[in-house]
Each structure stands twice: as C-alpha cells, then as structure tokens.
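Subject: Structure for you to look at, with notes

Dear colleague,

I am handing over the structure that we talked about, and I would be glad if you opened it before reading further. My notes come after it, so that you can check each point as you go.

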Amino acid sequence: MFTGIITDIGIVCAVEMRGDMRARIGCAYDMAGVDLGASIACDGVCLTVVAKGPDWFDVDISAETLSKTSIGAEGWSVGQRLNLERALRVGDELGGHIVSGHVDGVAQITAAAKDGDSLRLTFEAPADLARFIAQKGSVTLNGTSLTVNEVFGNSFGINLIPHTQQVTTWGDAAVGDVVNLEIDTLARYVARLAEAGQPIGA
C-alpha cells in the first residue's frame with residue numbers, strides 16, 4: 001500500500017524487452033535499506049525490486065501491466081523521470097489517501113492553464129472509470145494523491161500547487177500526455193454496494 005505522497009524522482013536508466021519488460025531506475029533512495037522483493041510505486045505502478053545497486057533498482061513489467069498503464073501506452077524511454085514512492089510502513093504518516101499501486105487505466109491531459117502560481121489541468125478518463133471520480137474526492141495520477149476540483153462528463157480537473165510541481169514530475173506536464181489513473185478504493189466499494197442494492201452504512 002502507498003499514500004500517493006511522492007518521495008523521490010527516479011530516472012529510467014535502461015529498458016530491455018525479455019519475456020517481460022525489464023527496466024533499471026536510478027534513484028536517491030538508500031538501497032541498502034530496500035530488500036529484494038520490496039514494492040516501489042513508479043509513476044503509480046506498484047513494481048517489485050528484482051535487482052539493485054547503490055543508487056538503482058531493476059523491475060520486471062508484465063504484459064498485463066503494460067496493457068493497463070502509460071508504460072504500454074507511451075513506453076518508457078531512457079532519461080524519463082518517474083514519480084517514486086516506497087511502500088507504506090506501519091506507523092508512517094498517511095498524508096495522502098490509501099493507494100494500492102494497481103493502476104485502473106490511463107487518462108489524458110486535455111487542457112492546462114495557469115491559475116495564479118498554480119497549474120490547473122483537465123483530464124479525460126475512460127467512461128468506465130470516470131463514474132468513480134467525484135468532485136472533492138481523491139484520485140491518484142502518476143502515483144500522486146490529488147483532489148478533484150470539478151467533474152463534467154468523463155472529464156475532471158485538478159489543481160497543482162507550486163510545491164507539487166517542484167517535487168514531482170508534474171512540472172513537466174503538457175497537453176496530450178497520458179498518465180496512470182487509479183481511482184479511490186473507497187469510491188469503488190461504495191459504487192459496488194450501490195450496484196448490489198445495498199444501503200450504504202448497513
């Protein structure tokens with residue numbers, strides 16, 4: 001589990017196609033404290049550390065993950081920056097919201113505008129996922145826990161304060177970018193209960 005609070009920006013150092021995709025990611029984490037088999041969210045995708053060095057780690061990316069995420073939609077290229085977050089530990093501060101790292105699909109940036117010092121972005125989500133996105137609810141985009149400002153049809157807007165732009169890859173965001181989308185787990189279960197005709201809170 002994760003919180004959607006980014007703790008490092010990684011760099012894709014190498015990409016190799018085997019049976020699965022293998023990627024090497026450079027980072028500032030103290031890798032001596034990261035076990036093989038540990039989970040690290042890379043742009044919101046929960047991936048397993050399969051090899052490591054003092055300032056890098058390798059991950060394998062399955063065909064299923066490629067089919068659901070921006071990795072398959074746009075590919076990872078050497079030099080690309082990624083939002084990173086290590087898995088939540090008991091006792092850690094939950095600063096964002098509960099994030100699984102299991103990406104539901106991708107959304108695309110359709111508009112960007114300055115709003116004071118902040119940046120307002122509009123996204124188009126797949127119809128089957130847009131129904132889970134609610135105004136003032138939480139959403140995870142490229143691993144970042146963000147608050148939804150408004151919803152209209154299959155589109156929704158978010159606001160990025162300067163701090164978020166500086167400590168994540170969101171400072172590089174541009175119209176047309178495809179990003180990983182994970183809907184709020186609570187919204188998913190509430191919708192499932194409603195579909196089953198169960199009264200909420202029963």
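First, a word on how to read the values. This is a predicted model, in which local features need pLDDT of at least 70 and side-chain atom pairs count only at pLDDT 80 or more, while totals for chains, interfaces and linings use all residues. Residues are numbered from 1 along each chain as its sequence is written, and side-chain values use heavy atoms, with hydrogens and water left out.

The chain as a whole

The average pLDDT (the predictor's confidence in each residue, from 0 to 100) is 90 for the protein chain, and 88% of the residues score at least 70. Confidence is lowest in helix H5 (residues 185–195), with a mean of 66, and highest in strand S3 (residues 39–42), with 98. The protein chain holds five helices and twelve strands, where helices (H or I, at least four residues) and strands (E, at least two) are DSSP runs numbered from the N terminus.

Of the 202 residues in the protein chain, 42% count as buried; here buried means under 20% relative accessible area, exposed means over 50%, and partly exposed lies in between, with a 1.4 Å probe and protein chains only. The accessible surface (Shrake-Rupley method, 1.4 Å probe; for residues, only the protein chains shown count as cover) comes to about 9900 Å², and 52% of that surface belongs to carbon and sulfur atoms. Among the contacts (heavy atoms within 4.5 Å) in the protein chain with a separation of 6 or more, 68% are between residues 24 or more positions apart.

The two barrels

Strands of a sheet pair through backbone hydrogen bonds, either parallel or antiparallel. In these notes, two strands pair if DSSP finds at least two bridges between them. A closed barrel of six strands runs in the order S1-S2-S5-S4-S3-S6, with antiparallel pairing. Its neighbouring strands are turned by 45 degrees against each other on average, direction ignored; the axes behind such angles are lines fitted to C-alpha atoms, for helices over the stretch in contact, and angles run from 0 to 180 degrees between N-to-C directions.

S1 and S2 form a hairpin that has three residues between them. If you follow the pairing, you will find that Val 15 has Ala 23 in S2 as its bridge partner, and that Ile 11 stands opposite Gly 26 in S2. S2 also pairs with S5 in the antiparallel sense, over six bridges. Because five of its six residues are buried, S2 is largely enclosed by the rest of the structure.

A closed barrel of six strands also runs in the order S7-S8-S11-S10-S9-S12, with antiparallel pairing. Strand S9 (residues 138–141) and strand S10 (residues 144–152) pair in the antiparallel sense over four bridges, and Val 139 has Leu 146 in S10 as its bridge partner.

Salt bridges

Side chains of opposite charge can pair when their charged atoms come close. A salt bridge is counted here when a side-chain nitrogen of Lys or Arg is within 4 Å of a carboxyl oxygen of Asp or Glu, and by this rule there are seven salt bridges.

One of them joins Arg 22 and Asp 60, at 2.3 Å from N to O. This pair links distant parts of the chain, since Arg 22 is in strand S2 (residues 21–26) and Asp 60 is in strand S5 (residues 56–61), 38 residues apart. Arg 22 counts as buried, at 19% relative accessibility, whereas Asp 60 is partly exposed, with a relative accessible area of 31%.

Another joins Asp 58 and Arg 24, whose closest N and O atoms are 2.7 Å apart. This pair, too, links distant parts of the chain, with Asp 58 in strand S5 and Arg 24 in strand S2, 34 residues apart. Asp 58 is buried at 5% relative accessibility, while Arg 24 is partly exposed at 32%. Salt bridges that share partners join Arg 22, Arg 24, Asp 58 and Asp 60 into one network. Arg 24 also has Asp 58 in S5 as its bridge partner in the strand pairing.

With best wishes
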